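Welcome! Please take a look at the sequence and the 3D view, and then let's walk through them together.

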Amino acid sequence: MGGGVPGTPRYRRGRLRFPPVFRLIALIALGSVVFRYGLLDQLLVLAVLCAIAVRRGRESLDLIWRALRRIRWLLLSLAVIYLLVAPEPEVSAIAFLPGWSDIELALRRAGVLVLLVTAVELMRQTTPAPEIAGGIAVLLAPLSVLGLDTGRLSRRIALTLDAVPRTAELVTEAAGRAGIRGRDFGGWSSAAAELVREIEETAERSPAHADLPKQPTPDITDWLLLGLVLVFLLGLLRL
């Protein structure tokens, strides 16, 4: 994204006209119902998200894969908890082996994380941070009557979403500058100090206030697409 926020993918191939605020509504809707989906429902939603990524190109799939790799230990923890630590008792099951209900529950809980991370990564790829901030500001506008600075909060949320995928790269770079090699765990305190110093310097150079981009006016096609997305997400609960 030429002249955009650091860390945002530069490519925008296959970018949808779908307004950012509508994308956020779809993401919120998914987060609200995904916990009630069965395995087949989750697989269907994942297939749709992957189809969108395939349409965008190989780089989109690579970025999603990297995002999922960052939560691999969390997914493993869920598997351990639901399969070994707290399995549901089943009369017909072998005592030391998890039953199918335990396996299904573990897969569903892991599927929730996979779907949400995939959806957020696609949102990050297709929507620059300023546009995300603008969409969040529209959704939070009613809270402004309470004195909340919705613009500032929206910018912080959007920049956080954009910066999180670069955290591993920043840590690795800071560790390299601090001279950490291999399993030199004692040097990580120096790397942390270097990273904090870099973040503080970047924050000082950043403008205190930035204008949020004007949100596009949705047309009838956008409203119809939003309706189809919501019907699809909510309709899966009826299957």
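## Inside and outside

Of the 239 residues in the protein chain, 32% are buried. Keep in mind that you are looking at a predicted model.

## The fold

Which kinds of elements build the chain? There are 10 helices and 0 strands. If you start at the N terminus and follow the chain, the order reads α-α-α-α-α-α-α-α-α-α.

Contacts link parts of the chain that lie apart in sequence. Among contacts with a separation of 6 or more, 77% join residues 24 or more positions apart.

## A nonpolar patch

On the surface you can find a nonpolar patch formed by Trp73, Leu76, Val80, Ile81, Leu84 and Val85. Together these residues have about 620 Å² of accessible area.

Let's pick out one member, Ile81, which sits in helix H4 (residues 72-85).

## How confident is the model?

The average pLDDT of the protein chain is 76, and 66% of the residues score at least 70. Among the elements, helix H2 (residues 39-56) has the highest mean pLDDT, 94, while helix H9 (residues 188-205) has the lowest, 59.

For residues 1-15 the pLDDT is below 50, and this stretch has 39 contacts in the model beyond near neighbours in sequence. Where pLDDT is low, predicted coordinates should not be read in detail.

Note on methods: Residues numbered from 1 in each chain as written. Predicted model: local features only at pLDDT ≥ 70, side-chain atom pairs only at ≥ 80, totals over all residues. Heavy atoms only, no water. Helix = DSSP H or I, 4+ residues; strand = E, 2+ residues; numbered from the N terminus. Buried < 20%, exposed > 50% of the residue type's maximum accessible area, 1.4 Å probe, protein only. Contact = heavy atoms within 4.5 Å. Patch = residues over 30% accessible without salt bridge, like charges linked within 9 Å, V, L, I, M, F, W, Y side chains within 5 Å. Areas by Shrake-Rupley, 256 points an atom, 1.4 Å probe, with all protein chains shown as cover. Salt bridge = Lys/Arg side-chain N within 4 Å of Asp/Glu carboxyl O. pLDDT = per-residue confidence, 0-100.
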